[in-house]
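Me: I have just opened this structure and would like to go through it with you. Could you take my questions one at a time?

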Amino acid sequence: MYLVRPADFADLPALERLAQQAGIGITNFPANRERLNDKIASSRRSLQTDVIQPGNESYLFVLVNTNNSEIVGCCGIDAMVGVDTPFYSYRIDEVVHASPQLQIHNRIPALFLCHDYSGTSRLIALVVDKAHQNPTAMSLLSKARLLFIARYPERFTKRLFAELRGENDQQGQSAFWDALGKHFFTMDFKKADYLSGVSNKHFIAELMPRYPIYVPTLPEAAQDVIGVVHEESSQSADILLNEGFEFRGYVDIFDAGPTIEARTESLHTIAEQKMGKALTLTESSKVPMHLISAGHLETFRVTAASAEPQVAGLALEKATQDKLGISSGSRIQWVAL
């Protein structure tokens with residue numbers, strides 16, 4: 001069984017292990033002890049802050065295997081990116097080149113450097129230990145963030161996005177980076193990816209080309225990976241796409257991985273979640289699985305368990321109530337898994 005809760009400083013060694021296992025391409029979860037410690041501190045500070053509207057708060061959650069209390073995953077939310085420095089993306093658009101005299105009219109795809117997502121909430125760092133990448137654990141961890149957003153809508157923007165990890169080879173080399181970014185940054189993809197995760201982002205604005213990049217001028221290998229999701233991120237991508245996220249023509253400036261977005265209220269988990277009382281379930285046969293959350297901010301908890309919706313609330317097994325730290329009559333939030 002699994003439980004999602006806010007990260008604490010005692011989780012740091014486990015988060016380091018997960019970051020090292022995640023490898024290259026997840027810039028918002030670097031394998032750097034100091035940076036991960038800062039993320040935990042920022043999350044704890046954000047949970048302790050009264051928020052009227054979103055700002056530079058961030059929230060980090062861990063997935064716990066309740067059989068042995070081991071941390072086996074993590075995920076997070078940035079309340080608003082681009083608060084201190086612009087958040088850069090490439091927008092895929094077309095440039096028209098035409099000659100009436102030659103009767104030629106060409107529409108050329110091009111990459112435009114932009115910061116259209118600045119001021120928007122972002123889902124970050126969905127990382128799960130390989131031994132626990134099963135549908136229940138992955139869905140629980142990913143959707144727990146959405147239940148948190150539904151519970152505290154004032155802390156987030158009405159628009160939400162997520163960057164999906166782009167394609168790179170087994171050695172961590174990105175064909176897109178080698179064709180474009182490498183020429184401006186004079187460093188390999190691994191180093192650029194690491195610096196983006198641990199340092200100030202000003203170097204991106206200082207070094208990235210200002211003019212549109214015509215896609216046909218890039219090597220074919222680089223063109224082929226634009227907007228392509230890394231194989232190891234396909235499961236987490238499918239969960240978000242099934243929620244209602246869509247690709248709208250934005251990609252990461254380093255590996256060209258796709259960015260997907262949605263209006264917060266249109267996502268299935270947020271639109272369908274309910275609030276009510278916890279009841280005690282006496283008969284558990286043929287009872288459907290639900291995601292169930294309880295607690296407030298620092299004590300926020302989410303689990304996946306069998307439960308039965310009733311007029312008066314949601315009926316849970318006593319073991320599930322104990323895991324969430326609640327009793328019959330407690331206020332809970334739920335959605336069908």
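Me: Which residue lies over the face of Y152?
Reply: R155 lies there, at 5.9 Å from the ring centre. A charge counts as sitting over a ring if NZ of Lys or CZ of Arg is within 6 Å of the ring centre and within 35 degrees of the ring normal. Please note that this is a predicted model, in which local features need pLDDT of at least 70 and side-chain atom pairs count only at pLDDT 80 or more, while totals for chains, interfaces and linings use all residues. Residues are numbered from 1 along each chain as its sequence is written, and side-chain values use heavy atoms, with hydrogens and water left out.

Me: Is Y152 buried or exposed?
Reply: Y152 is buried, with a relative accessible area of 5%. Buried means under 20% relative accessible area, exposed over 50%, and partly exposed in between, using a 1.4 Å probe and protein chains only.

Me: Which aromatic cluster does Y152 belong to?
Reply: One cluster is formed by Y59, F61, F148, Y152, F156 and F300. Rings of Phe, Tyr and Trp (its six-membered ring) pair if their centres lie within 6.5 Å; planes under 30 degrees apart count as stacked, over 60 as edge-to-face and the rest as tilted.

Me: How many aromatic pairs are there in the whole structure?
Reply: A search of the whole structure finds 14. One of them joins Y59 and F156, whose ring centres are 5.5 Å apart with planes at 55°, so this pair is tilted. The two residues are 97 apart in the chain: Y59 is in strand β2 (residues 58-65), and F156 is in the loop between α3 (135-151) and β7 (159-163). Helices (H or I, at least four residues) and strands (E, at least two) are DSSP runs, numbered from the N terminus.

Me: And what about F148 and Y152?
Reply: They form a tilted pair, 5.0 Å centre to centre with 55° between the planes. F148 is buried, with a relative accessible area of 0%.

Me: You mentioned β2. How many of its residues are buried?
Reply: Eight of its eight residues are buried. Both faces of β2 are covered, with S58, L60, V62 and V64 on one side and Y59, F61, L63 and N65 on the other.

Me: Which strands pair with β2?
Reply: Strand β1 (residues 2-6) pairs with β2 in the antiparallel sense over five bridges, and Y2 stands opposite N65. Strand β3 (residues 70-78) is also antiparallel to β2, over eight bridges, with V62 opposite C74. Two strands pair if DSSP finds at least two bridges between them. In the hairpin of β2 and β3, four residues lie between the strands, and S69 takes a positive phi near 65°.

Me: Changing topic: why is β12 described as largely enclosed?
Reply: Five of the six residues of strand β12 (residues 289-294) are buried, so the rest of the structure largely encloses this strand.

Me: Which strands does β12 run antiparallel to?
Reply: Six bridges join β12 to strand β13 (residues 301-310) in the antiparallel sense, and A294 stands opposite R301. Four bridges join β12 to strand β15 (residues 331-336), also antiparallel, with L291 opposite V335. The hairpin of β12 and β13 has six residues between the strands, and G295 in the turn has a positive phi of about 90°.

Me: Last one: where is I52 found?
Reply: I52 is in the loop between α2 (33-47) and β2. At 78% relative accessibility, I52 counts as exposed.
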